[in-house]
2 protein chains.
Amino acid sequence: MRVIYNEQMAELANLLGEMAGLAGQAMEQATQSLLQADLALAEQVIGEQDRISVMIAEAEEKAFALLALQAPVAGDLRQVVSAIQIVGDVNRMGALALHVAKVTRRRHPNHALPESVNGYFAEMGRIAVNMGAGAKEVLETRDPERAAQLNQDDEAMDDLHRHLFTLLMDREWKYGVAAAVDVTLLGRYYERFADHAVEIGRRVIFLVTGVLPDGEIES
Amino acid sequence: MRVIYNEQMAELANLLGEMAGLAGQAMEQATQSLLQADLALAEQVIGEQDRISVMIAEAEEKAFALLALQAPVAGDLRQVVSAIQIVGDVNRMGALALHVAKVTRRRHPNHALPESVNGYFAEMGRIAVNMGAGAKEVLETRDPERAAQLNQDDEAMDDLHRHLFTLLMDREWKYGVAAAVDVTLLGRYYERFADHAVEIGRRVIFLVTGVLPDGEIES
């Protein structure tokens, strides 16, 4: 039983890692589509969503089968329960990349972003992609130090997000309300993407160390 | 075993229901605080958050104990797995009510909302409270018809949300960018609150009928 459990749990963890990696890639492409008003790229991200949905269902079924057939206990059980929760996080990460791509599509052929905030979103995109890759690595290696590093990325994301709001709230903002609404929503999508990656890191740290790091209920 | 399982599962379902009800009440108070720029009420919602966090941890532990000690299978196992997922949804509902209260606090003594959109938020608040109560009822009774009704509430919420965006995008919007940013974020908080209630309904329908209704990955 134990050998089968280990094998199936490793498979599930790898599937979750793959999904986190795909969500990161989707965010990378969505960011490019946003910066370049590239409709084809946005459509590609939107088209990929079905594949992610299939993987979500597959991961949920794998977790269920593990519980039903292996009846794991203690630490093993905790791993499967965490996997079920992590599916929810990677699912949202994929959905948030999708939202970014949809903003590109909605505004095409115009750029959704005023040029002066492009740099912010290029950087938020870079961090998000990094965090997707980090979450993938953490899921596959269960390295708590790499997991903790996700918090640093998240702080960088929060800083950018705050700066962005300062720009929006400035009387000098000259791009109108419609652009401000897009920038507000887009900023939130990136920030939430980062939060979910952090949440994955927290759950892995808990599995490995038995201590759940303080949560963020700020966002 | 079976009797103990039934008892413990009923306890867990009631706890989840209680949490959904509390999230609905928190959204009610947060909405009132927003409409009346009532700082004391906002602080009350923010202060309640600790109690909800404790309940979240309690629900997760109950679900874990059920799996560890009762090793449920088939439909019973599916119930516990759903409960673990539903904890995530009620957690977010509470967090979104908290966000609304924090906007009230951030703008105090000013009103966060221009008076002309108060009606929209009063109505979105009313629907959200209704959906919190609906989710509670669904968790306690597992009535699939009541669960499906959450979709209708959600459609009403989406309609209001769309109208709100039409207002924001209108050239006649005269309340400036800062108010538009607040209205954009607040609108999203209510809409996401509704999505999580719908998600709870979907999971309960799945438990009772074995068929998972189509998901919303739009939001």
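The area buried between chain A and chain B is about 3300 Å², where buried area is the accessible area (1.4 Å probe) that two parts lose on being put together, summed over both. Carbon and sulfur atoms give 66% of this area. The size of an interface is often given as the accessible area lost when the parts come together. The model is predicted: local features need pLDDT of at least 70 and side-chain atom pairs count only at pLDDT 80 or more, while totals for chains, interfaces and linings use all residues. Residues are numbered from 1 along each chain as its sequence is written, chains are lettered from A and ligands numbered from 1 in the order in which they are written, and side-chain values use heavy atoms, with hydrogens and water left out.

In terms of contact (heavy atoms within 4.5 Å), 37 residues of chain A meet 36 residues of chain B. Four residue pairs across this interface are in polar contact, both residues being at pLDDT 80 or more. A polar contact is a pair of N or O atoms within 3.5 Å; within protein, one must be able to donate a hydrogen and the other to accept it, and residues adjacent in sequence count only if both atoms are side-chain atoms. On chain A, at least two residues of the side that touches chain B come from each of helix H2 (39–70), helix H3 (74–107), helix H5 (144–169) and helix H6 (176–209). Helices (H or I, at least four residues) and strands (E, at least two) are DSSP runs, numbered from the N terminus. H3(A) gives the largest share of that side, 12 residues. By residue class, the side of chain A that touches chain B has 20 nonpolar, seven polar and 10 charged residues. Here Ala, Val, Leu, Ile, Met, Phe, Trp, Tyr, Cys and Pro count as nonpolar, Asp, Glu, Lys and Arg as charged, and the others, Gly among them, as polar.

The two chains can be superposed by a rotation of 180° with 0.0 Å of shift along its axis, at an RMSD of 0.0 Å. The two copies are therefore related as by a two-fold rotation axis. The same surface serves both copies, since 97% of the contact residues of chain A recur in chain B. Such copies are superposed by least squares on the C-alpha atoms of residues with pLDDT of at least 70 in both.

Two salt bridges are found across the interface, a salt bridge being a side-chain nitrogen of Lys or Arg within 4 Å of a carboxyl oxygen of Asp or Glu. One of them pairs Glu61(B) with Arg78(A), with the closest N and O atoms 3.3 Å apart. Arg78(B) and Glu61(A) also meet in a salt bridge, at 3.3 Å from N to O. Arg78(B) lies in helix H3 (residues 74–107) of chain B and Glu61(A) in helix H2 of chain A, so this pair joins two chains. Arg78(B) is partly exposed at 23% relative accessible area, and Glu61(A) is partly exposed at 40%. Buried means under 20% relative accessible area, exposed over 50%, and partly exposed in between (1.4 Å probe, protein chains only).

Over all chains the structure holds 30 salt bridges. Within chain A, the side chains of Arg51(A) and Glu48(A) form one at 3.0 Å, N to O. These two residues are separated by about one helical turn, because they stand three residues apart in helix H2 of chain A. Arg51(A) is partly exposed at 41% relative accessibility, as is Glu48(A) at 29%. In chain B, Glu191(B) forms a salt bridge with Arg188(B), the closest N and O atoms being 3.6 Å apart. Both lie in helix H6 (residues 176–209) of chain B, three residues apart, about one turn of the helix, and both are buried. Salt bridges that share partners also join Asp89(A), Glu199(A), Arg202(A) and Arg203(A) into one network.

Arg126(B) is placed in helix H4 (residues 118–141) of chain B. Its side chain makes a polar contact of 2.8 Å with the side chain of Glu123(B).

The backbone has some further features. Most residues other than glycine have a negative phi, and most peptide bonds are trans. The peptide bond from His108(A) to Pro109(A) is cis, with omega near 5°, and Pro109(A) is in the loop between H3 and helix H4 (118–141) of chain A. In chain B, a cis peptide bond joins His108(B) and Pro109(B), with omega about 5°. Ala37(B), in the loop between helix H1 (2–36) and helix H2 (39–70) of chain B, has a positive phi near 50° and is buried at 10% relative accessibility.
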